[in-house]
Amino acid sequence: MTELVTEYPDLARPEAFTQQGLGWVPWLLPVAEADLTDEQRDALIEPARAKMPYFRLLARDPEALRARTLTDLDIFFNVTSGVGRAERELAAAATSRYNGCVYCAHVHAAAATRESGREADVQRLLDEGVGADLGDEVWNAVAASSVALAETPLAFDDADVQRLRDAGLDDAEIVDVINGAAFFNWANRLMLSLGEPEVPARRRS
Amino acid sequence: MSQNADIIDLLAGVAPGSALSAIRDQRVQARENAQRSFEALLEPADPGTFPHAERYAVAAFTARLHGFDEATAFYADLLGDEAPELVEAIDAAAADGATRGPYGAYREEGLRGESTEGLRWTADAAVLGERLAAALTHTHLLVFRPREARPTAIRSLVDAGWSADDIVSLSQLVSFLTFQLRAAWGLRVLARSTNGTNATHEGTAA
């Protein structure tokens, strides 16, 4: 019988936070691609995700996977009104940096760079942590709010909202920041609890 | 409970027809699928081998760890309807496990200097039973120090009788709740500050 739980004693692990591409390996056995039911395939939303162990693992609870993915896509990619794509990705990256999810941070730091062209500002967040000066008050306020929202017990308060308003965000934009940051508390915990990142072979020295 | 109530609105105190409700409607997929996540993870028609009582117990525990009183009352009510005998034990476990996060040791070599110490809490199996105790121990890990999650944590759940499917559902449940509670809390703070702004204006006009 195939073992349910896998450890990777010789995995090529990342050393720190990075914007460079990482892989992810599951600790718990994913559904084999050939064994995916129609319901599970439907829950992947994007057929290419059948190749990815993370999504085939989450497919063990297809209803939860489907709802999770549709929530994610709308929060991050529905750009009718609201805050820009770069600021949503920044909220995700700052949350991931603070919670300590190296995998999520690399995906969304790279996306924030792609959307904004501000690679050096994004890299400072990864290198120095969530206290880094990200170059302007909008970005600093978005990162600070994301960090406050990541704390347990919940610590986000009136001063965080006021700082976002003072930086020029309206209520719809603030809702996008709250949702983007809140969602990454979900994503971070799935990626951190079900597996770990690895440095792909092409990048190993 | 009402099947139609939007749980995030309910926990946030956002009324139908309000300005914030209209803003939420601009992300209708996010709104509807956050609700479907609640239904899939807390109230599935077929809960399989992960019964509703355990789901509500995890949720009541998680809400209280977050210090969100309205959510704590909401999930304690659901638990009270399903398994009243667990309410007090869950409340006591959450009080015992209360701390402040995120914290924990990094696995990555270059981040060891950022590792922070904190409570490593274990639920009492003598009070809660081995299976639910394992779930609460895992929940505490995920809520406060997710960066310390390791394969051994999954093995502990397997040893306590959790199937692979149910471990994924448990991980989704706790992780989803950390989103839901923050989304609702953020909206509640925003609504309060919006009302506060309006009240100030009205006060000035008067």
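Predicted model: local features only at pLDDT ≥ 70, side-chain atom pairs only at ≥ 80, totals over all residues.
Student: What percentage of the residues of chain B count as buried?

Tutor: The figure is 56% of the 206 residues in chain B.

Student: And the charges, how many positive and negative side chains in chain B?

Tutor: Chain B carries 18 positive side chains and 28 negative ones. The centres of the two sets are 8 Å apart.

Student: What is the secondary structure of chain B?

Tutor: Chain B has ten helices and zero strands. Its C-alpha atoms occupy a box of roughly 65 × 45 × 30 Å along the principal axes. Among contacts in chain B with a separation of 6 or more, 69% are between residues 24 or more positions apart.

Student: Pick one helix. Which residues of H5(B) are buried?

Tutor: B:Ala71, B:Thr72, B:Phe74, B:Tyr75, B:Leu78 and B:Leu79 are the buried ones in H5(B). Viewed down the helix axis, the buried residues of H5(B) fall within an arc of 165°, so they line one face.

Student: Why would residues a few places apart point the same way?

Tutor: An α-helix has 3.6 residues a turn, so residues three or four places apart point the same way.

Student: What does the face of H5(B) turned away from the buried side carry?

Tutor: That face of H5(B) has the exposed residues B:Asp69, B:Asp77 and B:Asp81.

Student: How many residues are in H5 of chain B, and how far does the helix reach?

Tutor: Helix H5 of chain B runs over residues 69–82, which is 14 residues. From first C-alpha to last it reaches 20 Å, close to the 20 Å expected at 1.5 Å a residue.

Student: Switching to chain A. How many of the residues of H3(A) are buried?

Tutor: Twelve of the 16 residues in H3(A) are buried, so the helix is largely enclosed by the rest of the structure. The buried set includes A:Pro62, A:Leu65, A:Arg68, A:Asp72, A:Asp74 and A:Phe76. Helix H3 of chain A covers residues 62–77 and reaches 22 Å between its end C-alpha atoms, close to the 22 Å expected.

Student: A:Arg68 and A:Trp186, how far apart in sequence and in space?

Tutor: They are 118 residues apart in sequence, and their C-alpha atoms are 9.0 Å apart in space. A:Trp186 sits in helix H9 of chain A, residues 171–194.

Student: Is A:Trp186 buried or exposed?

Tutor: A:Trp186 counts as buried because its relative accessibility is 0%, and the cut-off for buried is under 20%.

Student: What does A:Trp186 touch?

Tutor: Leaving aside residues up to four places away in sequence, A:Trp186 touches A:Arg68 and A:Thr71 in chain A.

Student: Now the backbone. Which peptide bond from A:Thr152 is cis?

Tutor: The bond from A:Thr152 to A:Pro153 is cis, with omega near -5°. A:Pro153 lies in the loop between helix H7 (137–150) and helix H8 (158–166) of chain A.

Student: What joins B:Gly101 and B:Pro102?

Tutor: A cis peptide bond, with omega about 5°. B:Pro102 is in the loop between helix H6 (84–97) and H7 of chain B.

Student: What is the phi of A:Ile45?

Tutor: A:Ile45 has a positive phi of about 65°, although it is not a glycine. Most residues other than glycine have a negative phi, and most peptide bonds are trans. A:Ile45 is in the loop between helix H1 (38–43) and helix H2 (53–58) of chain A, and it is partly exposed at 29% relative accessible area.

Student: What about phi of A:Ser81?

Tutor: Phi of A:Ser81 is near 60°, again positive in a residue other than glycine. A:Ser81 is in the loop between H3 and helix H4 (85–99) of chain A, and counts as partly exposed at 38% relative accessibility.

Methods: Residues numbered from 1 in each chain as written. Chains lettered and ligands numbered in written order. Heavy atoms only, no water. Helix = DSSP H or I, 4+ residues; strand = E, 2+ residues; numbered from the N terminus. Buried < 20%, exposed > 50% of the residue type's maximum accessible area, 1.4 Å probe, protein only. Contact = heavy atoms within 4.5 Å. Lys, Arg positive; Asp, Glu negative; His and termini not counted. Charge placed at Lys NZ, Arg CZ, Asp CG, Glu CD. Expected span 1.5 Å × (residues − 1). Arc of directions from axis to C-beta.
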